[in-house]
Amino acid sequence: MAELAGAPVPGLTRLWTHDPTTAGRYRLLGRLGAGGQGVVYLGEDDAGNRVAVKVVNIDLSDPRTRSQFVKEIAAARRVAPFCTAQVLFAEVNGEQPYVVSEFIEGPTLHRHVRERGPVTGNALHRLAVGTATALAAIHGSGVVHCDLKPDNVVLGKDGPRVIDFGIARALGVTETASSRVMGTTAYMAPERFRNDAVGPPCDVFAWAATIAFAAGGSPPFGSDSLFAVMHRVLHDPPELPALPPVLDELIRECLAKDPADRPDAERVLVRLLRQDATVTAPLPRESLLEVGNDTAGAPTPNHPLPQPAPTAPQPRPTSPHAPARPTVPLQGPPTPPAHLTAVEPRVGAGPGGAWRRIRGEALDAWGISTAIFLGSAGAAAGYVASSAIGPAAAAGAVAFVVVYLVRLLVAAAVGGGPDRG
Ligand SMILES: Nc1ncnc2c1ncn2[C@@H]1O[C@H](COP(=O)(O)OP(=O)(O)OP(=O)(O)O)[C@@H](O)[C@H]1O
Ligand SMILES: [Mg+2]
């Protein structure tokens, strides 16, 4: 684990001799990893905002390839930011195309399971909810991930985040690079091997295989030889670890051989959330994603999601690639520059959360009673002062409205209200 700017970044290694040192406005600080699609670097702009820069192996000189790439990345940029790492920008004009996305601090699910063992209890439930929320958001924008697997889930401080959506599709889903196929086969749906049309159900299959891996430490169709795995995916039932009954049933349905027999991502999310007492009625999609996002990120004291190692200030390494700058502790996701930021704000952390609190507070019986009581007091004071019904009623109404509105504003600013025990 390398340390840059005073904080350890899981999996970060130094740049290789022939690696680029910049990508557009971003200085490249080190390698986050490499897969079949290219190399991923940690980038930083002059303001200290950190991003993941994936320099992709693709030749965009053919106009059709280039237009497909541009179209898929544009679609990925429109995905609502629920439990995903937002795609911020793609450069297609230079010799080395690259895609810039939100940098999520934390280990991948694959790394976490390898180093710390399977995910259990509440953490497993939140992982399932968070990744299903991401998938529902991705599919809701008409994007198919095509490469969901434990390497493409990062366990961030605020819950799991799905990365790399749409990139496999932008590069063309027919893979030839054997290293990539090896790493991905265990999560591929049967229709991928039959060369049938690839759509959202293949992501649902990959989601279920990913959660089974998280719970048991190995994928449900094995990971030995490529052909043995393919044969099991096509013909055998999955081998699942011990799971809570609801999750076991859901995962088996999602691993159905026929894509038509699998539930869609929204249905998966609804079924996961039904276990939570808070969701009792059907929800519109936006609210569903919001609840999923909150459920995945909500901290619980007993079983917190895995956190990266503590980030105590460290001496700066002397790297020939990293120019000297002040020590900056790693924060959560960077705030991307305004011109790169996708249109939607993160719901739950921003105005969406405030709006939810206002709606809750607006119907809070205790708050309405307080406003009526103080309104009556205002009317009484008005009557004492004027000895007339009209001004007294006006004073009462003003007092009621002011108390009611102040409560809503306080709820929007600091929360509380309906959560009161
Ligand atoms: N947005 C991101 N935030 C944080 N880390 C990232 C991000 N994107 C990629 N990484 C890191 O870079 C590593 C390499 O990613 P990459 O996508 O190249 O490989 P992969 O996921 O193993 O394979 P594939 O090419 O099939 O996606 C990941 O395992 C992860 O650790
Ligand atoms: Mg990846």
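1. **C146 and its loop.** C146 sits in the loop that runs between α3 and β9 (153-156). This is a predicted model. Phi of C146 is near 70°. That value is positive, and C146 is a residue other than glycine. Is C146 buried or exposed? C146 counts as buried because it has 26 C-beta neighbours inside 10 Å, and the cut-off for buried is 20 or more.

2. **D164, another positive phi.** D164 is found in the loop between β10 (159-162) and α4 (167-171). Phi of D164 is near 70°. Again the value is positive in a residue other than glycine. D164 has 26 C-beta neighbours inside 10 Å, so D164 counts as buried.

3. **Helix α3 against helix α11.** Two packed helices are described by the angle between their axes and the distance between the axes. Helix α3 covers residues 121-140, and helix α11 covers residues 285-297. They pack at an angle of about 150°. Their axes are 8 Å apart. Why is α3 called roughly antiparallel to α11? The angle of about 150° makes α3 roughly antiparallel to α11, because angles over 145 degrees count that way. The crossing of α3 past α11 is left-handed.

4. **The residues in that contact.** On the α3 side, the contact is made by R126, V129, G130, A132, T133, A136, A137 and G140. On the α11 side, they meet R285, L288, L289, G292, N293, T295 and A296. By class, the contact of α3 with α11 holds 7 nonpolar, 6 polar and 2 charged residues.

5. **The shell around ligand 1.** There are 24 residues around ligand 1. Which of them come nearest? They are G33, G35, V40, A52 and D151. The largest share comes from β4, with 4 residues. By class, the shell around ligand 1 divides into 9 nonpolar, 10 polar and 5 charged residues.

6. **The chain as a whole.** The protein chain has 14 helices and 10 strands. It has 421 residues, of which 41% count as buried. C146 and D164 both count as buried.

Note on methods:
Residues numbered from 1 in each chain as written. Chains lettered and ligands numbered in written order. Predicted model: local features only at pLDDT ≥ 70, side-chain atom pairs only at ≥ 80, totals over all residues. Near = placed C-beta within 6 Å. Helix = DSSP H or I, 4+ residues; strand = E, 2+ residues; numbered from the N terminus. Nonpolar A, V, L, I, M, F, W, Y, C, P; charged D, E, K, R; others polar. Axes fitted to C-alpha atoms, helices over the stretch in contact; angles between N-to-C directions. Parallel < 35°, antiparallel > 145°, perpendicular 65-115°, else oblique. Left-handed = near helix turned anticlockwise from the far one by under 90°. Contact = placed C-beta atoms within 7 Å. Buried ≥ 20, exposed ≤ 12 C-beta atoms within 10 Å, placed from the backbone.
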